[in-house]
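Please look over the model shown below before reading on. The paragraphs after it go through its parts in order.

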Amino acid sequence: MTDRPIKVLIAKPGLDGHDRGAKVLARGLRDEGFEVVYTGLRQTPEMVATAALQEDVDVVGLSILSGAHMTLVPRITKLLDEQGLGDVLVTVGGIIPDDDIPALKDAGVAEVFGPGTTIAQVAEFLRANARPRD
Amino acid sequence: MREAAPATGVDPMARGEELAEAAVGGDRRALARLLTAVENRTPVAEAAMRRLYPAAGRAHLVGITGPPGSGKSTLVASLIERVRAAGRTVGVVAVDPSSPITGGALLGDRVRMQAYAGDRDVFIRSMASRGHAGGLASTSTAAAAVMDAAGFDLILIETVGTGQSEVEVAAAADTTVVLEAPEMGDEVQAIKAGLLEVADLVVVNKGDRPGALRTAAQLRAMLVAGASPKVGAGDAGDRPRPKRPEVLVTTASTGDGVDELLVALDRHREAGRDEGSGAEIARLARAEAQVWAILSDRLRDALHEPRHAEATRATLVEVAEHRLDPYAAADRLLSTLGVDR
């Protein structure tokens, strides 16, 4: 079966309290046929990694508006790797300066989605790049 | 950093047994992968189940159901806290609905259950209902059995927000908890058949809201006092008797009343060990529900096999065009599989 939904974790690590974007994306991906696990605000990297493991998601989408991405994202990708989840696709959305993108990609992020990205673009990227289903 | 894709030639029997062994041995990633296989109803899941099912049957399976927004997830979070404080391990299967239009789902139950990230003795899994209508996903019972075999003491099965008649959870669980919010209805609502009838425990949550105690009193009056008493042997024979649920009040957000709920859950489980308690009937109902569901899938799969697919489709078209009635169609399809009735 290839039509089984792709499972995505949408998480907001760190301390900023603006989750409208994450919720709109979660809702939009639902409408694109994804199964979206939404975990809410103020997640620690450990919470994100635990949820990714227990839910066996194919994609982890991180929404960060606080500017703490250079601290939070590498910690999350490291925890994912340590738990054997190196094949999970990690994407970041929010306010990320262009200069930081190469370092995030070095840390294991597949793509960074800035303001103006459409939900259709995100959905297309995830369909093309999420790990193969077994 | 991507792992190689699993080779297509991997033997599902071997993979299933390998995952089952690892999950029983405490490997949480293996458990998570196994739950995915179960949800997707793959051959890997079947092979794993063969190994796991005999190891299941030890956990206390508790169903939590009730209307949307009545506080199921918050109550589950509060129960996790108390159960962990008592040193017991807990697994959660939390079901949210799939879109009937796109097949997508928003699984939001974890929002209230995030405090246990570092605790390997709490395992929470969200499931989309994937078109199944009874309040659970078709694979929720199997998922709970996998967690049971993996050694969790208590397994909480949280349904989608339910209305009046999504009673399936009662077959999936040893103990069924039905949540109500204050002021959700009058006494007539409480005596309607359906969801409240399958409750072993009725919990009025949001106990700090006005009307909670009155709602609980109304429910008690209608469900407990109003239920026919147990009849003696010979009287009314084996006619099924309604349950007489305990009615409790909780405030899940503060934890008020949750200790009492836990005590009531344990008490119900203990009572289930007594002969004639109905627990055996419940276990048989669970077995039946599982086997029947699989049987129905297998029948459908068999009828869609290449050698039958065309005849199956032709029969369905005849029904759609009202040239054949659905009963005769079912009989014809059964006979193509060699089943005569």
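What follows covers domains, sheets, the contact between the chains, the nonpolar core and a few single residues.

This is a predicted model, in which local features need pLDDT of at least 70, side-chain atom pairs count only at pLDDT 80 or more, and totals for chains, interfaces and linings use all residues. Residues are numbered from 1 along each chain as its sequence is written, while chains are lettered from A and ligands numbered from 1 in the order in which they are written.

Chain B is divided into domain 1 (10-55), domain 2 (56-228 + 241-277) and domain 3 (291-336); these bounds come from an automatic or database domain assignment. Between domain 1 of chain B and domain 3 of chain B, the C-alpha centres lie 31 Å apart.

The sheets come next. Helices (H or I, at least four residues) and strands (E, at least two) are DSSP runs, numbered from the N terminus, and two strands pair if DSSP finds at least two bridges between them. In chain B, 7 strands form an open sheet in the order S4-S2-S5-S1-S6-S7-S8, with parallel pairing. S4 and strand S8 (246-249) of chain B each have a single partner strand, so one side of each is left without a neighbour in the sheet. On average, neighbouring strands of this sheet are turned by 20° against each other, direction ignored; such angles run from 0 to 180 degrees between N-to-C directions, with axes as lines fitted to C-alpha atoms, for helices over the stretch in contact.

Two pairings of chain B can be followed in detail. Strand S2 (residues 90-96) of chain B runs parallel to S4(B) and is joined to it by 7 bridges, with B:Gly91 opposite B:Phe123 in S4(B). Strand S1 (residues 60-65) of chain B and strand S6 (residues 175-180) of chain B run parallel and are joined by 4 bridges; B:Thr65 has B:Val178 in S6(B) as its bridge partner.

How many residues of S4(B) are buried? The count is 7 of its 7 residues, where buried is defined as 20 or more other C-beta atoms within 10 Å of a residue's own, exposed as 12 or fewer, and partly exposed as in between, with C-beta atoms placed from the backbone. Both faces of S4(B) are covered: one side has B:Val122, B:Ile124, B:Ser126 and B:Ala128, the other B:Phe123, B:Arg125 and B:Met127, and all are buried.

A further open sheet has 6 strands in the order S5(A)-S4(A)-S3(A)-S1(A)-S2(A)-S3(B), again with parallel pairing. Its edge strands are strand S5 (111-113) of chain A and S3 of chain B, each of which pairs on one side only. Neighbouring strands here are turned by 25° against each other on average, direction ignored. Strand S1 (residues 7-11) of chain A and S2(A) pair in the parallel sense over 4 bridges, and strand S2 (residues 35-38) of chain A and S3(B) pair in the parallel sense over 3 bridges. A:Glu35 in S2(A) is the bridge partner of A:Lys7; A:Glu35 also stands opposite B:Ala105 in S3(B).

Across the chains, 30 residues of chain B are in contact with 36 residues of chain A, contact being C-beta atoms, placed from the backbone, within 7 Å. Helix H2 (28-39), strand S3 (105-107) and strand S4 (122-128) of chain B are the elements that give two or more residues to the side of chain B that touches chain A. H2(B) provides the largest share of this side, 6 residues. The residues of this side divide into 13 nonpolar, 10 polar and 7 charged, with Ala, Val, Leu, Ile, Met, Phe, Trp, Tyr, Cys and Pro counted as nonpolar, Asp, Glu, Lys and Arg as charged, and the others, Gly among them, as polar.

The largest nonpolar core has 128 residues, of which A:Val36, A:Ala52, B:Leu34, B:Val146, B:Ile155 and B:Ile157 touch the most other members. Such a core is a set of buried Ala, Val, Leu, Ile, Met, Phe, Trp, Tyr and Cys residues joined through C-beta atoms within 7 Å.This core draws at least three residues from each of domain 1 and domain 2 of chain B.

Some single residues remain. B:Leu19, in helix H1 (residues 12-24) of chain B, is buried, with 27 other C-beta atoms within 10 Å. B:Arg41 has a positive phi of about 50° although it is not a glycine, and is placed in the loop between H2 and helix H3 (43-52) of chain B.

Terms used:
Two residues are in contact if their C-beta atoms, placed from the backbone, lie within 7 Å.
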